[in-house]
Amino acid sequence: MRDPYDVLGVSKGADEAEIKRAYRRLAKKLHPDANKDDPKAQDKFAELNTAHEILEDKEKRGQYDRGEIDAEGKPRAPEFAGFGGGRGGPGGGPGGFSGFDGDTIFESFSFGPEGMRRAGRRGGGGQGGGFEDLGDIFGFGRQRRSAGGGFAPQPGADMEISLPVSFEEATEGASKRVGLPSGKQIDIKIAAGTREGHRMRLKGQGEASPMGGPPGDAYVTIAYAPHPTFERDGDDLRQLVDVPLPDAVLGAKVRVPTLSGAVDLSIPAWTSGGRLFRLRGKGLPNATGGHGDMLVRVNVVLPKEKDAELEALMRKLRDGDAA
């Protein structure tokens, strides 16, 4: 993963508003639906969502800036300054392994039969270490004991995948294709009423084990993609609907888009611009199993062509009010 700041194209001093603007601009540009001929479109969009998730969250952004998590939001491995006093020769100094105290390590891990027995006895948590600790020191990782008494290889790492879905897909349900680290493509069923943040486990679909063990798991988290028409407000959705001036004055029915299809909205006579109407249950899935609302704000629009009679009427009304 690239640096989240580079992905969004903002500086490290960018404020929340700048980050939000950059995300919205790039989300429209990189959305898979707008780049159907690009086989990497979904990967680019997922990278954008991951970068935004880190930078929009103050705590995660601080962790990233301090180097506590990486560009995927995963904890970074701690850096070790060394073991013991860093003697010369094999234990430290020029020509040796800097930071290692050879006496300390090899006193704890004697490789003769008696030393192996001592190591086995101490492996349960006494001073010094067993073979599991030796594996940690030399980078083999802690191994899991198998049912036969040996040690099973370390499994592969788990991985997190952010899957962007449209408001319609989350509401009505859909099938989405996801790319895995192995290059394999699998279809995931999105159930109707799936909320943002829902996390699914794909057992054995994570990264391969470098030690020959089983692969890790992949976790897919649902993320809402930006919508060209609706603006999200929690579980509610907002939109601006144009209403012709005659309909605003005389009243009419106006077709209004929703996630489940267009509906008729009754506009009463003498409706002013900016008036808000609520369509209950036409928003996003909520925590109770229902849906939020659709909030429709009226935008009164004038006729496309100039109308002399309308201008004369408006002039008369204005002059009358002035009098």
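The model is predicted, so local features need pLDDT of at least 70 and side-chain atom pairs count only at pLDDT 80 or more, while totals for chains, interfaces and linings use all residues. Residues are numbered from 1 along each chain as its sequence is written, and side-chain values use heavy atoms, with hydrogens and water left out.

The protein holds ten helices and 13 strands. These elements are DSSP runs, numbered from the N terminus (helices: H or I, at least four residues; strands: E, at least two). Of the 323 residues, 31% are buried. Buried means under 20% relative accessible area, exposed means over 50%, and partly exposed lies in between (1.4 Å probe, protein chains only). The accessible surface comes to about 20,000 Å². Carbon and sulfur atoms account for 52% of that surface. Areas come from the Shrake-Rupley method with a 1.4 Å probe; for residues, only the protein chains shown count as cover. Contacts were also counted, a contact being heavy atoms within 4.5 Å. Among contacts between residues at least 6 apart in sequence, 44% join residues at least 24 apart.

Helix α3 covers residues 41-56. Its 16 residues should span 22 Å at 1.5 Å a residue, and the end C-alpha atoms are 22 Å apart, which agrees. The expected span is 1.5 Å times one less than the number of residues. Buried residues of α3 include F45, L48, H52, I54 and L55. E47, N49 and T50 are also among the buried residues of this helix. The cover over the buried residues of α3 includes the helices α1 (4-8), α2 (16-30) and α4 (58-65). It also includes the strands β3 (159-165) and β7 (218-224).

The structure holds two aromatic pairs. Rings of Phe, Tyr and Trp (its six-membered ring) pair if their centres lie within 6.5 Å; planes under 30 degrees apart count as stacked, over 60 as edge-to-face and the rest as tilted. The ring centres of Y5 and Y64 are 6.3 Å apart and the planes stand at 45°, so this pair is tilted. Y5 lies in helix α1 and Y64 in helix α4, so the pair ties together parts 59 residues apart in sequence. Both Y5 and Y64 are buried. The rings of F167 and Y224 have centres 5.5 Å apart and planes at 90°, so this pair is edge-to-face. F167 is in helix α8 (residues 167-172) and Y224 in strand β7, 57 residues apart. F167 counts as buried at 4% relative accessibility. Y224 counts as buried at 7%. A charge also sits over a ring: R199 lies over the face of Y219, at 4.0 Å from the ring centre. The criterion is NZ of Lys or CZ of Arg within 6 Å of the ring centre and within 35 degrees of the ring normal.

L237 lies in strand β9 (residues 236-244). At 0% relative accessibility, L237 counts as buried. Not counting residues up to four places away in sequence, L237 touches residues including F167, F230, L259, L284, D293 and M294. L237 and D293 are 56 residues apart in sequence, yet 6.4 Å apart in space, C-alpha to C-alpha.

Strands pair if DSSP finds at least two bridges between them. Strands β4 (residues 174-179) and β5 (residues 185-190) run antiparallel and are joined by six bridges. G179 stands opposite Q185 in β5. Five residues lie between these strands, and G183 in the turn has a positive phi of about 95°. Strands β10 (residues 252-256) and β11 (residues 263-267) also run antiparallel, with five bridges. R255 has D264 in β11 as its bridge partner. This hairpin has six residues between the strands, and G261 takes a positive phi near 120°.

W270 is found in the loop between β11 and β12 (276-279). W270 has a positive phi of about 60° although it is not a glycine. Most residues other than glycine have a negative phi. At 69% relative accessibility, W270 counts as exposed. P303 is found in the loop between β13 (294-301) and α10 (308-322). At 39% relative accessibility, P303 counts as partly exposed. The C-alpha atoms of P303 and P244 are separated by 7.0 Å, with the residues 59 apart along the chain.
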